[in-house]
2 protein chains.
Amino acid sequence: MLRRGLLLILSSPSGAGKSTLSRRLMDWDRSLRFSVSATTRRPRPGEQDGREYYFRSRDAFEAMVREGQMLEHAEVFGNFYGSPRGPVEKAMAEGRDTLFDIDWQGGQQIRNSALGRDVVSVFVLPPSIAELESRLRGRAQDSEAVIAERMAKSEAEISHWAEYDYVIVNNDLDTAFNDLVTILQAERLRRDRQPQLADFVRGLNREFSAR
Amino acid sequence: MLRRGLLLILSSPSGAGKSTLSRRLMDWDRSLRFSVSATTRRPRPGEQDGREYYFRSRDAFEAMVREGQMLEHAEVFGNFYGSPRGPVEKAMAEGRDTLFDIDWQGGQQIRNSALGRDVVSVFVLPPSIAELESRLRGRAQDSEAVIAERMAKSEAEISHWAEYDYVIVNNDLDTAFNDLVTILQAERLRRDRQPQLADFVRGLNREFSAR
C-alpha cells in the first residue's frame, strides 16, 4: 500500500521567519512540494505567475471557489488568497508531502476538511513583538500604514497559536529550522503514515510460520 | 505552568535492539528517567536490585498491585513484571520524561490508564526474523528451549505493532537511534507538551497592548 503524502502547514505572523524556514525546508528535502497559493492581488516587481503565486482575476478566482477547486480560501486586506486543490491531491496520491505557507484561516479550513487527518500543523512564534516589528521594518519596503496593518494582522494571527499541533519559538533560525525538520521526520515515522509496514509485518509472520 | 513529563514507551520483540536503544537514549539525555520494573523472577548473575529490576517476592509484588502501586503489570513465563507508579508520577510532576522498556501488555495498560494522554509509544521491528533469531543465539547464554520460548513470545509481541504511535525498523542501529531521538524531540515540541507557552504568548500580547 502506497504511503499517502502529508500536509505540513506552517503559520506565523509575518516577520517571524516562516518564509525563510519554508525555503530552507524545500532545499533540505527536494521531494517536498510547495503549495503555491492563488491570489487576486497584483504581482509585485520580480514576482512570477506560478512561482510566488498564481495571479488570477477576481472572476477567475471566484469561479475556482465555486467549482470546488480551492482547498481553502480567505480574504485578507481586500484580496483573495487560496490553495488550489488539484496539485495537493496529486502529490498526496504520489506519496509526496506538501508544504503550505498559509495563515490561520487557511490552516483552520484544511484542518476541518476531509484531509484533516493528513495535516501536521506548526506555528512559529517570534521571540518578542519588538523583534517582530524590527524584522518587518528591516525589509524597508513598506509604508507606516502598511506596517501598522501588518502588526494588527500579526496580533490576530498569534491569537490562533493554540490551534496548532506543534509550536516553535524562533529565537535562533538554525535551531528553529532543526525543530521543523525534526517534526517532519518524526511525523513520517508515525505508524499511520507508514502503511507499507503492514506488508512488511506480513513478511515477518511468513518467516515465523516457515521456521 | 510547569511542563508535565511524558511517558515514552518502547516495545519490541527481544533481539530487535530495544535495550541498546534504551541505554543510548538514557546516555543522550541525562534528564530522562528510566522506569525500573519490579519482578518476581530471581536475579541473574550480575543483576542488582533497583538497577536492572526491583526483585520482589510474589507476596510483596501482589501487595503492591492490591495497593494500586503498579502502573501496569503482567505475568510472563510464570513470573510477574510491573512498573511501580510512584517514581513515574514524581518524574512527571517535576517535568521529567520517563522511558519504559516494557512489552505490549504493559504498553496497553498504561495507554488505557488515566496517564494515556501522556504516552508516546514506539515499536521497534527487526529487519527480519532470521536476524532476530541470530541476535538471540548470539547471546549464547540460553538453551534451545529458552530460545524457542522467546521466539514464540517475539511472534506474539510483533502481533501488537499496530497499537503503537510510531514504528522504527531497526535495519541499522545508528539510524534507528536517530529516529528514536527525533521522535522524542518532536513530541517535546507539541503544543500540548509546552504549557509554558501560554505565559509566553500572554507576554507577547502585553507587548502588543503597550505599543
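Modeller: We shall discuss a sheet, one of its strands, and then the helices. This is a predicted model, in which local features need pLDDT of at least 70 and side-chain atom pairs count only at pLDDT 80 or more, while totals for chains, interfaces and linings use all residues. Residues are numbered from 1 along each chain as its sequence is written, and chains are lettered from A and ligands numbered from 1 in the order in which they are written.

Colleague: In what order do the strands of the open sheet in chain B lie?

Modeller: The order is β2-β7-β1-β8-β9, five strands with parallel pairing. Helices (H or I, at least four residues) and strands (E, at least two) are DSSP runs numbered from the N terminus, and two strands pair if DSSP finds at least two bridges between them.

Colleague: Which are the edge strands?

Modeller: They are β2 (33–34) and β9 (166–169) of chain B, each of which pairs on one side only.

Colleague: What holds paired strands together?

Modeller: Strands of a sheet pair through backbone hydrogen bonds, either parallel or antiparallel.

Colleague: Now chain A. Is strand β1 buried or exposed?

Modeller: Five of the five residues of β1 (residues 7–11) of chain A are buried, so the strand is largely enclosed by the rest of the structure. Buried means that 20 or more other C-beta atoms, placed from the backbone, lie within 10 Å of the residue's own; exposed means 12 or fewer, and partly exposed lies in between.

Colleague: Which way do the residues of β1(A) point?

Modeller: A:Leu7, A:Ile9 and A:Ser11 point one way, and A:Leu8 and A:Leu10 the other way.

Colleague: Which residue stands opposite A:Leu8 in β8(A)?

Modeller: That residue is A:Val120. β1(A) pairs with β8 (residues 119–125) of chain A in the parallel sense over five bridges. β1(A) also pairs in the parallel sense with β7 (residues 98–101) of chain A, over four bridges, and there A:Phe100 is the bridge partner of A:Ile9.

Colleague: On to the helices. At what angle do α7(A) and α7(B) pack?

Modeller: The angle is about 115 degrees, with the axes 8 Å apart. The two helices are therefore roughly perpendicular to each other (under 35 degrees counts as roughly parallel, over 145 as roughly antiparallel, 65 to 115 as roughly perpendicular and the rest as oblique). Axes are lines fitted to C-alpha atoms, for helices over the stretch in contact, and angles run from 0 to 180 degrees between N-to-C directions.

Colleague: Which residues of α7(A) and α7(B) meet?

Modeller: A:Thr182, A:Ile183, A:Gln185 and A:Ala186 meet B:Thr182, B:Ile183, B:Gln185 and B:Ala186. Contact requires C-beta atoms, placed from the backbone, to lie within 7 Å.

Terms used. Two residues are in contact if their C-beta atoms, placed from the backbone, lie within 7 Å.
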